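The following report describes a structure in terms of its chains, their folds and their contacts.

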Amino acid sequence: MSVIGKYFIFLGSLFGKGEKLSVYWRRFLEECVGIGVSSIFIVAIVSTFIGAVSCIQTAYNLVSPIIPVSTVALIVRDMQLLELAPTITCIVLAGKVGSNIASELGTMRITEQIDALEVMGINSSSYLVLPKVMAAMFTFPMLVIFAAFLGIFGGYLAGTLTGVITEKDYLAGIRDSFVPYNLFFMCVKPFVFGFLIATISSYQGFFTSGGALEVGKSSTGAVTNSCISILIADYLLAQLLL
Amino acid sequence: MIEINDIQKAFNGKEVLKGITSKFEKGETNLIIGGSGTGKSVLLKCMIGLVKPDSGSVLYNGRDFYNSDKDVQQSIRREMGVLFQGGALFDSKTVEENVRFPLDMLTDQSTSEKQDRVAFCLQRVGLEAAAKRMPSEISGGMKKRVGIARAIVMNPMYLFCDEPNSGLDPLTSVKIDELIKEITEEYQITTIIITHDMNSVLEIGQNIIFLYQGDKLWEGKKDDITKTTVAELKEFLFSNKLLREMEG
């Protein structure tokens, strides 16, 4: 309980007396590059292959003559929009971005860089963490939209190249029974997950004490706790919004 | 001038500082010396506001740091320059950006004013040529000098140095010591140095405090330290074989 209390106090400190707006804007742009742009490659690889595999496996399980082949594409699309693109992408990002944030802040803590900021009278948590949180909440939804597109495209590639579904059936399937609300739901998830990953990882890194071993532990803790919180939040969001 | 009154601090029931009281005068290099684990760094952290003491007060020209509101604390903080043990340079910034950082964050100076000030400070510590290099590309001694440049860029009234010689060769140590002393005298700063380096004590120590197991056992001037009768201080001073032979 004390950890949770400390986490919320930490969140409160992010919105304490801050610095000049121009400083935050510059830091936000830097973090958007560090958190968002640098994650494009891994997100592209993961989502394309997940889309491809989900198409092949769905087709493998739908062997009934009464189910149209285009259903494969419909299932791939809905799996991508509702679960795979937002949740799996954010779990991957928890590993990449979360560990990066925790180790960066942990190293800054043990090398007294955070102390140096505090001695200057700078709100270190706000200066270091708030731009990361904002950048994660801004870039994660974009990465997830990108991931959903590539996932569906990966399914198309795998389906048409292996012959399990024709191009015409796949395109018909992804247009069939489309619910626009699912797109909104898909974008809400990474917004929430981005906040959780950035704040939990920052918390882990910010309160690191000791040496290199503890930085490693903070990094592992950041990924583990972020993944658990994503899964819990995923369930709660599904329950609340669907 | 900085005054500390009856500073006490304990961690998990273990007393680290047992009521330290002292005064540090303007324009002097004040040294806090003692062996490892005697509470020197904790005392420094209590003075600069990183660790809140359990009791006691720290006065900056009469302003009580811990009993002031946040605005006063903030203004006192902006009058401090701190050189951390490892330099504490920001890894993602160049030497120049590190030195300019306090100006970017805390002032509304124009770009040219900031550039002039940074160039002056880097020139003062002899690192003009390294301005564009990253911290990972410079030596330990250079990092300390960049740390000093960053500490003086805001024209501080108080300069704190946490073991400025640690990890440096003797020649570089002497240069760092001389630089700190020159800056202290030139700008009439109140400087406090944490060290266990005997060369520093003999070279630049003006007012010296000796800590032992969280207590202040001795305080005085450099010229008096070798005549001390305090057994723990004698043991600390003459732990070096060469100095023991000199004493003999």
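What percentage of the 242 residues in chain A is made up of buried residues? In this predicted model, buried residues account for 46% of the chain.

**Chain A.** Along the principal axes, the C-alpha atoms of chain A fill a box of roughly 70 × 35 × 35 Å. Of the contacts in chain A with a separation of 6 or more, 88% are between residues 24 or more positions apart.

**Chain B.** Chain B contains an open sheet of four strands, ordered β2-β1-β4-β5, with antiparallel pairing. Because β2 (14-24) and β5 (63-64) of chain B stand at the edges with a single partner strand each, one side of each is left without a neighbour in the sheet. Strand β1 (residues 2-11) of chain B is joined to strand β4 (residues 55-60) of chain B by five bridges; B:Ile4 lies opposite B:Val58 in β4(B). Helix α1 (residues 40-48) of chain B lies across β1, β2 and β4 of chain B, at about 120° to β1(B).

**Interface.** Twelve residues of chain A are in contact with 15 residues of chain B. On the side of chain B that touches chain A, α2 (70-77), β6 (80-83) and α3 (95-106) of chain B each supply at least two residues. The most comes from α3(B), with three residues. The residues of this side of chain B divide by class as follows.

| Class | Residues of chain B touching chain A |
|---|---|
| Nonpolar | ten residues |
| Polar | three residues |
| Charged | two residues |

Terms used
Residues are numbered from 1 along each chain as its sequence is written. Chains are lettered from A and ligands numbered from 1 in the order in which they are written. This is a predicted model: local features need pLDDT of at least 70, side-chain atom pairs count only at pLDDT 80 or more; totals for chains, interfaces and linings use all residues. Two residues are in contact if their C-beta atoms, placed from the backbone, lie within 7 Å. Ala, Val, Leu, Ile, Met, Phe, Trp, Tyr, Cys and Pro count as nonpolar, Asp, Glu, Lys and Arg as charged, and the others, Gly among them, as polar. A residue is buried if 20 or more other C-beta atoms lie within 10 Å of its own, exposed if 12 or fewer, and partly exposed in between; C-beta atoms are placed from the backbone. Two strands pair if DSSP finds at least two bridges between them. Axes are lines fitted to C-alpha atoms, for helices over the stretch in contact, and angles run from 0 to 180 degrees between N-to-C directions.
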